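Please keep the sequence and the coordinates at hand.

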Amino acid sequence: ATATARLVPRPPDLIKWVRREGGFIHRGVKILPNGAHGLGLVACEEMSKGSLLIALPAHVPLKFGDHESHNVDGATSVLVNLANKVPEELWAMKLGLKLLQERAKIGSFWWPYINDIKNLQYAPLLSQVNKRCRFLLDFEQEVKHALHGLKSDNHPFEGQDIDASGLGWAMSAVSSRAFRLYGKKLPDGSHIDTPMMLPLIDMCNHSFNPNAQIVQEQDVKNENMLIKVVAQVPIKENDSILINYGCLSNDLFLLDYGFVVSSNPYDCIELKYDGALLDAASMAAGVTSPNFSSPLPWQQQLLTQLNLHGEAPNLKVTIGGEELVERRLLAALRVLLANDVEMVQRHDLNTLQSLAANAPLGTEIEASAFRTIIALCVIALGHFPTKIMEDESLIKCGVSASIELAIQFRIQKKSVIIDVMRELSRRLKSLLSKNTSAAQS
Ligand SMILES: C[S@@+](CC[C@H](N)C(=O)[O-])C[C@H]1O[C@@H](n2cnc3c(N)ncnc32)[C@H](O)[C@@H]1O
């Protein structure tokens with residue numbers, strides 16, 4: 001979110017409001033512009049490890065549910081009915097409905113907070129509205145239908161029209177600012193996982209090397225959970241206060257937050273598991289007579305156990321990221337490159353899926369599997385219309401912020417692929433050299 005995007009930038013009011021509501025904010029914490037990251041929280045004095053930076057009382061987070069479960073007026077039941085039509089995967093839209101309701105309400109309790117975010121016009125807005133367009137357009141019709149002819153008492157949005165672009169705003173405002181934390185306590189002592197918007201805390205920008213973290217603590221006075229931000233390491237004056245948004249791929253960072261992280265260790269590329277593509281890749285890699293597209297019955301059985309075959313298989317596999325090659329893909333390659341069923345059956349599925357298991361089916365099969373993945377990477381790279389150098393010069397020439405973001409995203413994806421190729425080539429070399437020295441000795 002850019003600082004300039006806020007038409008009414010009144011961050012100090014947010015701090016005052018949180019304090020007035022009984023919250024705590026360390027006197028050294030300020031809201032300041034944070035370069036390309038928009039606004040952010042910055043330390044204006046040194047803070048030691050463990051310092052409490054922010055504490056929000058339980059009534060300050062904006063959640064869907066608390067008010068809705070106690071109140072059964074007409075407007076609330078319209079809102080609850082609409083929320084029930086939102087698929088779980090699009091949870092941000094459900095909380096977004098609540099945000100839209102509070103945004104429409106004159107004198108809303110959350111107004112000092114919503115006033116601060118209401119003019120955000122950041123990138124996820126555009127990409128999410130595009131990606132989730134079909135849902136938003138359908139849901140717009142649902143909302144219009146539910147609101148048609150409602151009297152103002154029963155209207156959850158104070159009589160305001162809500163269209164797909166308003167719904168898109170709410171969904172991306174939530175997905176880029178909400179946190180999934182412990183909600184209500186259940187009788188068994190566990191807590192419901194609840195998405196909530198955390199005023200002020202949501203001014204913290206992201207880092208994989210954060211200096212602060214969100215913690216939840218039970219209030220000593222009651223059952224409520226207090227939400228706090230605590231310094232994880234000593235924080236120096238002028239340091240930004242950064243938290244980790246989660247170990248996410250760049251797809252999620254881009255879609256939900258509108259930025260991408262360079263050299264993101266959790267970024268990966270997704271491929272469809274496809275026998276014909278694997279045959280093409282392994283032939284290109286010089287592997288003789290691969291049979292990925294026509295597996296033998298015992299191979300099909302193992303593929304079924306890996307959920308890559310059979311009824312409703314999950315054909316989405318990944319390379320790169322935390323797992324260099326997704327375990328299921330590695331096992332499938334090893335099994336399909338082997339023609340000795342007895343040798344394969346000597347190993348359990350876990351070993352067949354493990355990269356650390358070091359060539360469980362022998363050097364030749366392992367080398368063919370690695371070569372096939374390297375060729376798959378070459379094919380994947382070929383699908384990009386540009387090379388990294390061309391991308392970099394496009395950025396140098398000057399492009400709009402959203403195009404630059406899209407280019408950064410594809411540079412990072414290509415880097416993931418190149419890193420996988422580099423690492424597999426290294427492993428292949430070491431595998432083959434071990435084999436040669438074993439043969440010589
Ligand atoms: C929870 S808000 C943080 C406060 C925000 N900077 C603001 O001005 O309101 C999340 C948004 O901050 C920006 N942001 C946070 N961390 C970032 C990072 N590491 N790089 C780039 N942008 C970041 C993105 O626009 C993201 O959608």
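Two strands pair if DSSP finds at least two bridges between them. Helices (H or I, at least four residues) and strands (E, at least two) are DSSP runs, numbered from the N terminus. This is a predicted model, in which local features need pLDDT of at least 70 and side-chain atom pairs count only at pLDDT 80 or more, while totals for chains, interfaces and linings use all residues. Residues are numbered from 1 along each chain as its sequence is written, and side-chain values use heavy atoms, with hydrogens and water left out.

β1 is joined by two bridges to strand β4 (residues 52-56), and the two run antiparallel. I25 has I54 of β4 as its bridge partner. Both strands belong to an open sheet of four strands, ordered β1-β4-β10-β9 with antiparallel pairing. β1 (24-25) and β9 (212-218) each have a single partner strand, so at these edges one side of each is left without a neighbour in the sheet.

Next, a helix pair. Helix α10 (residues 275-284) packs against helix α15 (residues 363-382) at an angle of about 105 degrees, with the axes 8 Å apart. Axes are lines fitted to C-alpha atoms, for helices over the stretch in contact, and angles run from 0 to 180 degrees between N-to-C directions. The two helices are therefore roughly perpendicular, a class that covers 65 to 115 degrees. L277, L278, A281 and S282 of α10 meet T372, A375, L376 and I379 of α15, where contact means heavy atoms within 4.5 Å.

The model has 18 salt bridges, each defined by a side-chain nitrogen of Lys or Arg within 4 Å of a carboxyl oxygen of Asp or Glu. In one of them, the closest N and O atoms of K413 and D251 are 2.6 Å apart. K413 lies in helix α17 (residues 401-440) and D251 in helix α9 (residues 250-257), so the pair ties together parts 162 residues apart in sequence. K413 is buried at 7% relative accessible area, whereas D251 is partly exposed at 28%; buried means under 20%, exposed over 50% and partly exposed in between, with a 1.4 Å probe and protein chains only.

D391 forms a salt bridge with K414, the closest N and O atoms being 2.6 Å apart. Since D391 lies in helix α16 (residues 388-397) and K414 in helix α17, this pair ties together parts 23 residues apart in sequence. D391 is buried at 0%, and K414 is buried at 2%. Elsewhere, salt bridges that share partners join E88, R180 and D193 into one network.

Technical notes
Angles under 35 degrees count as roughly parallel, over 145 as roughly antiparallel, 65 to 115 as roughly perpendicular and the rest as oblique.
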